[in-house]
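Here is a short briefing to read alongside the coordinates.

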Amino acid sequence: MSIILKMAASAVRGAMALRTGTNRPVAFVRKIPWTAASRELREHFAQFGHIRKCTVPFDKETGFHKGMGWIHFSSEEELQNVLQQDNHVIDGVKLHVQARRPKVLQGDQTSDEEKDF
């Protein structure tokens with residue numbers, strides 16, 4: 001196999017790795033009480049498996065979080081365990097938990113993973 005074909009095959013494998021990375025098991029959480037932060041989310045969801053990342057965005061103007069966040073799990077099985085339980089409560093507030101939806105691109109839009117830099 002020529003060096004050009006090897007380089008092309010390597011580029012394809014790299015692009016595929018980037019695209020499959022977007023399908024990681026992630027829970028989208030809404031209705032997070034203002035008294036809770038990422039630490040409380042980690043503590044609650046750790047009972048379902050290993051948490052790779054927990055993100056709770058904050059509003060720059062108010063200093064409070066936006067009431068939503070993302071929990072990244074190590075496996076799809078862990079995410080499914082979370083989704084099977086209907087009652088997730090932190091500080092007396094029932095959280096709304098769902099699987100993250102894949103981004104849907106329209107028309108000429110592209111994600112960062114698809115752009116050639």
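Predicted model: local features only at pLDDT ≥ 70, side-chain atom pairs only at ≥ 80, totals over all residues.

- The buried residues of α2 are E40, L41, H44 and F45. Viewed down the axis of α2, they fall within an arc of 120°, so they line one face of the helix.
- Those buried residues pack against β1, β2, β3, α3, β4 and β6 (96-99).
- On the face of α2 turned away from the buried side you will find R39 and E43, which are exposed.

**H88 and its surroundings**

- H88 sits in the loop between α3 (76-84) and β4 (89-90). With a relative accessibility of 1%, H88 counts as buried because the cut-off for that class is under 20%.
- Leaving out neighbours within four places in sequence, the contacts of H88 are H44, F45, F48, V82, V93, K94, L95 and V97.
- For V82 there is also a polar detail: its backbone oxygen lies 2.9 Å from a polar atom of the H88 side chain.
- Although H88 and V29 are 59 residues apart along the chain, their C-alpha atoms are separated by 9.9 Å.

**Aromatic pairs**

- A pair of aromatic rings is described by the distance of the centres and the angle of the planes.
- Two of the pairs are worth a look. In one of them, F28 and W70 have ring centres 5.4 Å apart and planes at 40°, so the pair is tilted.
- This pair links distant parts of the chain, with F28 in strand β1 and W70 in strand β3, 42 residues apart. F28 is buried at 17% relative accessibility, while W70 is partly exposed at 25%.
- F45 and F48 form another tilted pair, with 6.3 Å from centre to centre and 45° between the planes. F45 is buried with a relative accessible area of 0%, and F48 is buried too, with 12%.

**Salt bridges**

- Side chains of opposite charge can pair when their charged atoms come close.
- R39 and E40 meet through their side chains in a salt bridge with an N to O distance of 3.1 Å. R39 counts as exposed at 55% relative accessibility, whereas E40 counts as buried at 18%.
- D86 and K94 form a salt bridge in which the closest N and O atoms are 3.9 Å apart. This pair counts because the cut-off is within 4 Å.
- D86 is exposed, with a relative accessible area of 61%, and K94 counts as partly exposed at 41%.

Methods:
Residues numbered from 1 in each chain as written. Heavy atoms only, no water. Buried < 20%, exposed > 50% of the residue type's maximum accessible area, 1.4 Å probe, protein only. Helix = DSSP H or I, 4+ residues; strand = E, 2+ residues; numbered from the N terminus. Contact = heavy atoms within 4.5 Å. Polar contact = N/O pair within 3.5 Å; in protein donor to acceptor, adjacent residues only side chain to side chain. Arc of directions from axis to C-beta. Phe/Tyr/Trp six-rings, centres within 6.5 Å; stacked < 30°, edge-to-face > 60°.
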